[in-house]
Amino acid sequence: MNTKIWLSSPHMGGGEFEFVREAFDTNWIAPLGPHVNGFEHDLQAFTGAKHAAALSSGTAALHLALIMLGIGPGDDVICQSFTFSASANPIAYQGANPVFIDSEPETWNMSPELLEQAIQDGIANGKKAKAIIPVHLYGMPAKMEQISAIASKYGIPVIEDAAEALGSTINGKPAGTFGLMGILSFNGNKIITTSGGGALISDSGDLIDRARFLATQARDAAPHYQHSQIGYNYRMSNVCAGIGRGQMQVLRERIAQRRKVYDYYVENLSDIAGISFLPEPAGVFSNRWLTTIIVDPRKTGGITREDIRLSLESENIESRPLWKPMHLQPVFSGARSYVNGVSEDLFNNGLCLPSGSNLTGADLDRVVKNVKSVYAKTIPNEA
């Protein structure tokens, strides 16, 4: 059996162990501690956000953001449909109603046109949305300048789901810093990892202070355990934050490596009829967290993304279909949605290729040769 090639595996840089060793040497293992403070500072310095709270997951960060906006049962929250379920689940935690917005073809993210239509419909029905959650999918920033303008026009706060986009920018401004709040994820498959974890970033110190308070069980200032409101166990541990501090030392290198992986695939697969990639719009810089391809069976002699996925799987190479849109998920079957067919087409024809920053040249060559072998059996290469 060939060695496994993973879609996106953790990639340690070497400095993580020294931070973790310090946590053990000082017996600062439990949540909070100097590495948590240091990691938050590192995130602020990298993103330009004035404040950051290190948390147990990106999902926790999004949940706290909704809580702080006062979102509760019956409220409407507008959310990108083409995303992972963690972008929408916290809406359900609050008993609120997700309103799903389809994608536009240039970035595959939230369509500004459909967003404004959904807002106007809600207002016409006497129910303005309480928040907007765009997502920067696979590291490609959404059209935040247009989305932010629409949100400002109607007075609706934006929570950016930048879980996949640390290091991505629009005209030099980092993803996650356009909205009132932004969320980051450091899950094991992300561009950097803390083994598990996330962060909430904002220019509002009051919001981040409140997030920290709620994330530590909302314990009141008292010598005894006193609680005046419901809290959550959402803070990051000092050990995990130590891993994060080591990962921050190599973040720019990891971004460069992911982009190099994307360039390799483009160079070696673009000449195959029916395979296309997502280019960066003008002014946009993507961290290329995952490299994705679209497989158009009308141009491939009938070859589908599933033919390629199964061929890769047979050679112990992990790949994955693009996200199944939230408006097609059984759990959200009753939700309002504004669709144009873009995300459904992407789901049906899209594939994520192995994209880890620790892939070797031999790994990438194996992936490319396997993809080409599927086509070689059926049609000649042609533009």
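This is a predicted model: local features need pLDDT of at least 70, side-chain atom pairs count only at pLDDT 80 or more; totals for chains, interfaces and linings use all residues.
User: Hi! What volume does the largest pocket have?
Analyst: Hello! The space in the largest pocket comes to about 400 Å³.

User: And which residues sit closest to its centre?
Analyst: Those are F84, A86, S185, N187 and K190, out of 28 residues that line the largest pocket.

User: Nice. Which elements give two or more residues to that lining?
Analyst: There you'd look at α3 (58-68), β8 (181-185) and β13 (320-321). The top contributor is α3, which supplies three residues to the lining of the largest pocket.

User: How do the lining residues of the largest pocket divide into nonpolar, polar and charged?
Analyst: The lining of the largest pocket has 13 nonpolar residues, 11 polar ones and four charged ones.

User: Okay, switching topic. What is the volume of the second largest pocket?
Analyst: The second largest pocket has about 200 Å³.

User: Which residues lie nearest the centre of that one?
Analyst: S276, I294, D345, L346 and N349 are nearest the centre of the second largest pocket, and its lining has 14 residues.

User: Which element gives the most to that lining?
Analyst: For the second largest pocket, the most comes from α11, with three residues. Both β12 (291-295) and α11 (342-349) supply at least two residues of this lining.

User: Last one: how many nonpolar, polar and charged residues are in the lining of the second largest pocket?
Analyst: The lining of the second largest pocket holds nine nonpolar, two polar and three charged residues.

How values were computed
Residues are numbered from 1 along each chain as its sequence is written. Side-chain values use heavy atoms; hydrogens and water are left out. On a 1 Å grid over the protein atoms alone, a cavity is a set of points where a 1.4 Å probe fits but cannot get out, and a pocket is an open set with protein on both sides within 12 Å along at least five of seven lines; lining residues have an atom within 4 Å of a point. Grid points are joined across faces, edges and corners, and a volume is the space filled by probe spheres set on the points. Helices (H or I, at least four residues) and strands (E, at least two) are DSSP runs, numbered from the N terminus. Ala, Val, Leu, Ile, Met, Phe, Trp, Tyr, Cys and Pro count as nonpolar, Asp, Glu, Lys and Arg as charged, and the others, Gly among them, as polar.
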